[in-house]
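Welcome! Open your viewer, get ready to select residues by number, and let's walk through this structure stop by stop.

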Amino acid sequence: VHEPHFQDSLSSLLVDSESLQKQIDELSTFSDTPAPSVTRILYSEKDVLARRFIKNLMGLSGLSVREDAVGNIFGRWDGYEPELAPVSTGSHIDAIPYSGKYDGVVGVLGAIEAINVLKRHGFKPKRSLEVIMFTSEEPTRFGISCLGSRLLAGSGELAELLKRTVDNQNISFLDAARFAGYANHLEDLTSVFLKKGSYSAFIELHIEQGPILEEEATSIGVVTAIAAPASIKVDFEGNGGHAGAVLMPMRNDAGLAAAELALAVEKFVLESGSIDTVGTVGILELHPGAINSIPSKSHLEIDTRDIDEERRNVVIEKIHQSALSIAKNRGVKLSEFKIVNQDPPALAEDLITKATESACQELNLTYKKMISRAYHDSLFMARISPMGMIFIPCYKGYSHKPEEFAAIEDIANGVQVLALTLSKLSLS
Ligand code: HGY
Ligand code: MN
Ligand code: MN
Ligand code: MN
């Protein structure tokens with residue numbers, strides 16, 4: 001049952017685009033690299049400033065704000081049946097080095113604006129509505145993707161791992177969290193876990209990070225599934241030595257071992273039999289990193305994904321076999337081969353995709369069902385709640401680089417669809 005007056009004013013579900021754009025621009029200034037790039041690393045000073053900015057906006061929207069032990073931030077609008085499981089929405093604001101200002105941000109600022117849109121229209125939620133800003137969706141600082149949402153989804157393994165995790169400055173996760181005002185004298189992070197059924201639905205607004213919606217001039221993407229991500233850390237060790245004096249038969253070059261493995265990753269994903277299998281080596285470090293010193297150590301970090309989990313796991317196994325044979329053939333030591341995460345894909349819930357589709361129809365917005373090749377906090381929220389995602393177009397599909405861009409009209413469309421979908425789910 002919808003409140004009649006609310007349905008009538010559908011067409012004027014007005015988004016305050018001007019202030020939303022201002023917020024996106026202001027948030028992007030909390031960055032460790034110069035504009036137009038954004039770098040905002042977990043628990044850094046810029047991250048703490050950005051968190052304060054978000055909490056302030058939540059407060060201005062009349063949301064009651066709480067934070068958990070690792071800094072997941074929750075802004076709640078109580079419904080008139082507060083004992084029912086709330087509907088939640090949200091995303092992240094951390095940004096990998098030299099990236100853009102829309103990835104994640106659109107789903108946090110857009111969610112707060114969706115609440116404002118509903119409040120402006122006199123909507124009264126039955127189920128409470130909760131905006132979530134997830135801690136550390138990006139793996140940058142501690143090598144763990146979706147750290148906050150993995151914990152919310154109840155990863156006991158991660159709660160344990162974080163007790164002994166350090167960043168590349170050797171700062172422990174707990175010390176970094178305490179710097180930002182979290183995890184006070186807390187060794188046990190299981191308090192972050194949410195019980196299953198904590199939410200009746202979770203829906204995330206996000207830029208597509210792909211070119212399809214823009215190419216097909218379609219306003220909204222209704223996500224049906226999120227691809228299965230995996231990441232692997234590899235170290236090779238050789239003898240190193242003088243780049244001029246050591247003759248080739250005497251060498252065991254750890255750098256060339258890494259290069260050979262990187263090309264093997266490409267070979268394995270290309271021969272998978274599907275365009276949906278992808279892989280790259282985003283980090284490749286050589287030690288000592290001097291032009292005239294044969295690399296004695298190399299460190300690679302491999303990202304490989306597929307919408308088909310089994311097909312992806314075949315690629316991981318091939319990469320492992322290749323690392324072993326490269327080490328043997330080149331006389332280098334494979335000192336580390338660590339699968340950091342090997343996650344299953346997630347499916348969106350019909351309840352949510354149907355509500356999103358009817359919101360698009362009522363708002364006269366074109367839409368298409370699609371998969372998400374990028375991962376999101378939704379991948380983990382799907383483990384404890386029905387999940388859905390709303391995509392908006394972004395310029396040439398660019399993301400994770402400063403050229404990332406989404407037009408405010410497209411963002412406003414996404415906010416309208418989010419607001420209307422939240423209202424339907426709240427009254428359900
Ligand atoms: O890498 C990803 O898929 C996400 O955008 N962090
Ligand atoms: Mn990202
Ligand atoms: Mn993202
Ligand atoms: Mn290593």
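**Stop 1: serine 128.** Select serine 128, which is buried, with a relative accessible area of 0%; buried means under 20% relative accessible area, exposed over 50%, and partly exposed in between, using a 1.4 Å probe and protein chains only. Serine 128 sits in the loop between H4 and S6. Helices (H or I, at least four residues) and strands (E, at least two) are DSSP runs, numbered from the N terminus. Now show glycine 79 as well: its backbone nitrogen lies 2.9 Å from a polar atom of the side chain of serine 128. Such a polar contact is a pair of N or O atoms within 3.5 Å; within protein, one must be able to donate a hydrogen and the other to accept it, and residues adjacent in sequence count only if both atoms are side-chain atoms.

Before you go on, note that this is a predicted model, where local features need pLDDT of at least 70, side-chain atom pairs count only at pLDDT 80 or more, and totals for chains, interfaces and linings use all residues. Residues are numbered from 1 along each chain as its sequence is written, chains are lettered from A and ligands numbered from 1 in the order in which they are written, and side-chain values use heavy atoms, with hydrogens and water left out.

**Stop 2: the manganese ions.** Which residues are the protein donors of the manganese ion (ligand 3)? Select His92 (NE2), Asp103 (OD) and His206 (NE2), which lie 2.1 to 2.3 Å from this ion. Donors are N, O and S atoms within 2.8 Å of the metal (3.2 Å for Na, K and Ca); water is not among the atoms, so sites may look incomplete. Along the sequence, these donor residues have the spacing H-x10-D-x102-H. Histidine 92 is found in strand S4 (residues 87–92), while aspartate 103 is in the loop between strand S5 (95–99) and helix H4 (105–120). Histidine 92 counts as buried at 0% relative accessibility, and aspartate 103 is buried too, at 8%.

Glutamate 138 lies in the loop between S6 and helix H5 (147–152), so together with aspartate 103 it ties together parts that are 35 residues apart in sequence. Glutamate 138 is also buried, with a relative accessible area of 4%.

**Stop 3: a cavity.** How many cavities of 30 Å³ or more does a search of the whole structure find? The search finds 1. On a 1 Å grid over the protein atoms alone, a cavity is a set of points where a 1.4 Å probe fits but cannot get out, whereas a pocket is an open set with protein on both sides within 12 Å along at least five of seven lines; lining residues have an atom within 4 Å of a point. Select some of the residues that line the largest cavity, including Leu42, Asp47, Arg51 and Phe134. Helix H3 (45–60) and strand S6 (129–134) each give two or more residues to this lining.

Stop 4: Finish at the second largest pocket, which holds about 310 Å³ of space. Among its 15 lining residues, Arg150, Ser155, Glu157, Val340 and Asn341 are the closest to its centre. S12 supplies the largest share of the lining, 5 residues.

Note on methods
Points joined across faces, edges and corners; volume = space filled by probe spheres on them.
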